[in-house]
There are 2 protein chains.
Amino acid sequence: MDHAALDNDALDPLYVQLAAILRGQIERGELTRRVPAVKALAQQYEVAIGTAERALAILKDEGLIATSMGRGTFVVPEDERPK
Amino acid sequence: MDHAALDNDALDPLYVQLAAILRGQIERGELTRRVPAVKALAQQYEVAIGTAERALAILKDEGLIATSMGRGTFVVPEDERPK
DNA sequence: AGTGATTTGTGCGTATGTATG
DNA sequence: CCATACATACGCACAAATCAC
């Protein structure tokens, strides 16, 4: 349950896979408030920092999360999300 | 008029500045059909390839350009653009 | 009051993969 | 087969903002 979970030979690139994982956690309510730091995500899923950042950029673009420099990354409450 | 044009100490980051330049060229019709290759843009504006890629990613997101692997990057005709 | 740790943001450089021509 | 060009991935460094001490 804390395996790599990411497959470099899969159809989708790593950052898309990671975004999908986190999106699922958010939508299922398994991930609330605070999102682990980029560095932590990178270590946990064994990807480069840049790859984790790209994953977060997707979710940020979707309005699922919001970032604040120096503070961290946070899950946007469901009733404040677009769409 | 082929100076750097980019200022690392400006308010906006380099990739945003570059995106703005290209957006202006497209909107004024100075840039049509083909967009210079990422590598060429990086050399011309003296930025890293990754920085030029980020600039193009913005315009791609806006629907101003479209990329095709192995072929290049192209300006989307005005009547096919979103918005 | 300032110093250091943490965290996001930007930027550079490189290597490799994939598709096209 | 080889050149071109975009896409992904890694690693690193530093800046900027925040926070704890």
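This is a predicted model: local features need pLDDT of at least 70, side-chain atom pairs count only at pLDDT 80 or more; totals for chains, interfaces and linings use all residues.
Local features need pLDDT of at least 70 and side-chain atom pairs count only at pLDDT 80 or more, while totals for chains, interfaces and linings use all residues. Residues are numbered from 1 along each chain as its sequence is written, chains are lettered from A and ligands numbered from 1 in the order in which they are written, and side-chain values use heavy atoms, with hydrogens and water left out.

**Exercise 1.** Describe the protein surface around DNA strand D.

Step 1. A residue is near a strand if one of its heavy atoms lies within 4 Å of it. By this rule 23 residues surround DNA strand D, and the closest are Leu14(A), Ala48(A), Thr51(A), Val38(B) and Thr67(B).

Step 2. Sort the residues by class, where Ala, Val, Leu, Ile, Met, Phe, Trp, Tyr, Cys and Pro are nonpolar, Asp, Glu, Lys and Arg are charged, and the others, Gly among them, are polar. The surface has 9 nonpolar, 8 polar and 6 charged residues.

**Exercise 2.** Find contacts to phosphate oxygens of DNA strand C.

Step 1. A polar contact is a pair of N or O atoms within 3.5 Å.

Step 2. From chain B, an N or O atom in the side chain of Thr51(B) lies 2.6 Å from a phosphate oxygen.

**Exercise 3.** Characterise the largest pocket.

Step 1. On a 1 Å grid over the protein atoms alone, probed at 1.4 Å, a pocket is an open set of points with protein on both sides within 12 Å along at least five of seven lines; lining residues have an atom within 4 Å of a point. The volume, the space filled by probe spheres set on the points, is about 1600 Å³.

Step 2. The lining has 35 residues, and Arg54(A), Ala57(A), Glu53(B), Arg54(B) and Ala57(B) are the closest to the pocket centre.

Step 3. By class, 14 lining residues are nonpolar, 11 polar and 10 charged.

**Exercise 4.** Which ring does Arg54(A) lie over?

Step 1. A charge sits over a ring if NZ of Lys or CZ of Arg is within 6 Å of the ring centre and within 35 degrees of the ring normal.

Step 2. Arg54(A) lies over the face of Tyr15(A), 4.1 Å from the ring centre.

Step 3. In chain B, Arg54(B) lies over the face of Tyr15(B), at 5.0 Å from the ring centre.

Note on methods. A polar contact is a pair of N or O atoms within 3.5 Å; within protein, one must be able to donate a hydrogen and the other to accept it, and residues adjacent in sequence count only if both atoms are side-chain atoms.
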